[in-house]
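Hi,

Here is the structure I promised to pass on.

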Amino acid sequence: MNKKTIDDLKVNGKYVLLRCDFNVPVREGKITDENRIVAALPTIKKLNEDGARLIICSHLGKPKGEAIKELSLEVVGRRLATLLGKEVLFSDDDYVVSDGTLDAIDEMQDGDIMLLQNTRYREEETKNGKLFSEELADICDIFVNDAFGTAHRAHCSNVGVAELKEETAVGYLIEKEIKFIGNAVEEPNRPFVAILGGAKVSDKINVIDNLLSKVDTLIIGGGMAYTFLKAQGHEIGKSLLEEDKVEFAKEMLTKAEDNGVKLLLPVDNVCAQEFSNDTEVRIFDKGEIDPEWEGLDIGPKTVEIFEKALTGAKTVVWNGPLGVFEFENFAKGTLAIAKKLSEIDAVTIIGGGDSAAAVNNLGYGDKMTHISTGGGASLEFLEGKELPGISVIADK
Ligand code: AMP
């Protein structure tokens, strides 16, 4: 994948519409985590320094076509201005691009920055409707997509508008996601090891299937491991089980064998009788979990085996925690693997969502090569799918 980036553009004096992912958590009018705004700054600064008339758009939450005040982007505009140390015009417009906004856009000078109102105030946005796409295309000469979190969806503000523009590019955030998640999975340095965890097999069916054609070793932990252990005929007590995925798990065990992929599952489990941090904990070997107990983390022998499998790896992709990392007593497996990844000489790529939260909360965030900014989008990349918000952008 070799998409045009903002370094390939000449934006001086041009109207550039930049799609960002400013979908930040806001509580009582305050942004509680501004990471996504901070992450967008390099792209914004580059376009600004190059003299663009920069119009930024994003969604926030799910207003579903209604102008819900709590989901106004005004608070983001103010924070963005502070972070940039520069004025950011905010167009408080329920229609997003009504005449008042168009007039303000007309008056913009080179180097000005404007933030539009929440694109999901418009009902057509998530349906990729024609009118809103055209209206967005009409206000810009060039379209830039830097919202990886929504790149797996075809909406007006990332796909509809891009289809109508000759000049398009990705920003630095998406460029990085393509480089690490897209290309690393397609052309990895080997050995290539994938680690999959999290609650459910059903969320990751296509990821497991796709990765089994690519990796040298697949490590499976977390809640999803128990459906695989069941497929091998082991007792799993009260551990998470997706009965209707046992057949699929069997197929994947066979696929791994056929493809010569080493598939590693837990050999011991940290178990509890209740889903709680403050409860008695016992370790059971594979196949020996008592009926009243459920596996909530990988055990120490498993950690050792997984660590060994990671030694010497050159590319590692990790999606999904290996236990209930939110509870301290069941975070040890996830912690040990995060630590191991921080020590090996490999390209280490962490999927978005829970895996990113786990690695960051455990203090290893800055030790990884790349932490994806999009949960759903990074999963679809790992499934080998084309993301509409990226494929619509011009190639170099
Ligand atoms: P996912 O969103 O599929 O990556 O799942 C993440 C969630 O899986 C986290 O909230 C973990 O607490 C949960 N999880 C991980 N391992 C287990 C397990 N053994 N049993 C139950 N839940 C788990």
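Let me start with a helix pair: Ile37, Val38, Leu41, Ile44 and Lys45 in helix 1 meet Val76, Arg79, Leu80, Leu83 and Leu84 in helix 2 (contact means heavy atoms within 4.5 Å; helices are DSSP runs of H or I with at least four residues, strands are runs of E with at least two, and both are numbered from the N terminus). Sorted by type, the residues of this contact are eight nonpolar, no polar and two charged (nonpolar is Ala, Val, Leu, Ile, Met, Phe, Trp, Tyr, Cys and Pro; charged is Asp, Glu, Lys and Arg; the others, Gly among them, are polar).

Before going on, a word on the source: this is a predicted model, where local features need pLDDT of at least 70 and side-chain atom pairs count only at pLDDT 80 or more, while totals for chains, interfaces and linings use all residues. Residues are numbered from 1 along each chain as its sequence is written, and side-chain values use heavy atoms, with hydrogens and water left out.

Six strands make an open sheet with parallel pairing, in the order 11-10-9-15-16-17 (two strands pair if DSSP finds at least two bridges between them). Strand 11 (262-264) and strand 17 (370-371) are at the edges with a single partner strand each, so one side of each has no neighbour in the sheet. Strand 9 (residues 192-196) runs parallel to strand 15 (residues 315-319), and five bridges join them. Val193 has Val316 in strand 15 as its bridge partner.

Cheers
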